[in-house]
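Morning, everyone. Please bring up the model on your screens, and then we'll walk through its cross-links.

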Amino acid sequence: QCEGPPINPEWGNCSISCLDWGALQLKDQIVLSLPNCKISRIVNLVPNSVLETLILSNNNLQQLPEDLLQNLTGLKVLNVTGNPLTSIPLSVVLQIQVSFDCSCGLLRGLQQSCSETANCSLDNLSCSSTSGPQLFNASSFYDAECPETDHLLALYILLPLLAAAIAGAAVFLLVRRCSQRSAGTLSTNKSLSASDA
């Protein structure tokens with residue numbers, strides 16, 4: 001449950017970290033706009049088949065409820081741009097029009113979920129630039145801007161190993177050269193000693 005007063009959609013101005021959906025008591029409202037309310041989580045989702053558009057832009061949401069579409073069965077448009085989202089349920093982006101900011105972590109999660117789902121494609125999904133109103137194809141953005149973590153992990157592991165191997169080879173060559181010089185000096189000294197005798 002949320003602490004503090006519930007948000008009333010008619011106030012027009014709000015500031016609350018937790019949105020208790022049940023306290024909203026929405027009736028015949030088709031559009032609910034709650035931008036810039038500092039909402040960080042949504043709890044107590046209750047069934048609503050009337051709401052079609054939900055605007056939650058510029059809040060502090062990191063994730064959306066998994067049961068969002070099971071409860072908001074009439075929802076067609078969701079705007080969550082300007083939120084530090086780390087995940088969006090795959091069902092949401094596949095079933096309704098969602099506006100969200102491009103983020104490698106978020107897109108990586110969607111790509112992974114989609115790859116584990118039969119007949120899933122994110123080719124028609126768009127996301128917004130965090131620096132302006134520009135839209136990107138989500139798959140193209142992901143391919144161009146989001147390095148594979150497996151490749152980065154390999155790079156972070158291989159570079160130190162390569163540096164250690166090079167340092168080891170340099171030490172080996174240095175020791176070998178010193179040994180050869182010592183052996184050369186020793187044989188020269190033996191030759192000189194033998195000629196003196």
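Which residue forms a salt bridge with Lys 76? The partner is Glu 52, and the closest N and O atoms are 3.9 Å apart. A salt bridge here is a side-chain nitrogen of Lys or Arg within 4 Å of a carboxyl oxygen of Asp or Glu. The structure holds one.

Now place the two residues. Lys 76 lies in the loop between α2 (68-71) and β5 (77-79), and Glu 52 in the loop between β3 (41-43) and β4 (53-55), so the pair ties together parts that are 24 residues apart in sequence. Helices (H or I, at least four residues) and strands (E, at least two) are DSSP runs, numbered from the N terminus. Glu 52 is partly exposed, at 30% relative accessibility. For these words, buried means under 20% relative accessible area, exposed means over 50%, and partly exposed is in between (1.4 Å probe, protein chains only).

A quick word on the source. This is a predicted model: local features need pLDDT of at least 70, side-chain atom pairs count only at pLDDT 80 or more, and totals for chains, interfaces and linings use all residues. Residues are numbered from 1 along each chain as its sequence is written, and side-chain values use heavy atoms, with hydrogens and water left out.

Next, the disulfides. How many does the structure hold? Three. A disulfide is a pair of cysteine sulfur atoms within 2.5 Å.

Take Cys 102 and Cys 127. Their S to S distance is 2.0 Å. This pair links distant parts of the chain, 25 residues apart: Cys 102 sits in the loop between β6 (97-99) and α4 (104-115), Cys 127 in strand β7 (residues 126-128). The torsion about the S-S bond is about 95°, so this disulfide is right-handed. Both cysteines are buried.

Move on to Cys 104 and Cys 146. Their sulfur atoms are 2.2 Å apart. Again, distant parts of the chain are linked: Cys 104 is in helix α4, Cys 146 in the loop between α5 (138-145) and α6 (149-196), 42 residues apart. With -85° about the S-S bond, this link is left-handed. Cys 104 is partly exposed at 24%, whereas Cys 146 is buried at 5%.

That leaves Cys 114 and Cys 120. Their disulfide has an S to S distance of 2.0 Å. The torsion is about -120°, so the disulfide is left-handed. Buried or exposed, what is Cys 114? Buried, with a relative accessible area of 6%. Cys 120 also counts as buried, at 19%.

One more cysteine: Cys 178 is partly exposed, with a relative accessible area of 42%. Thanks, everyone.
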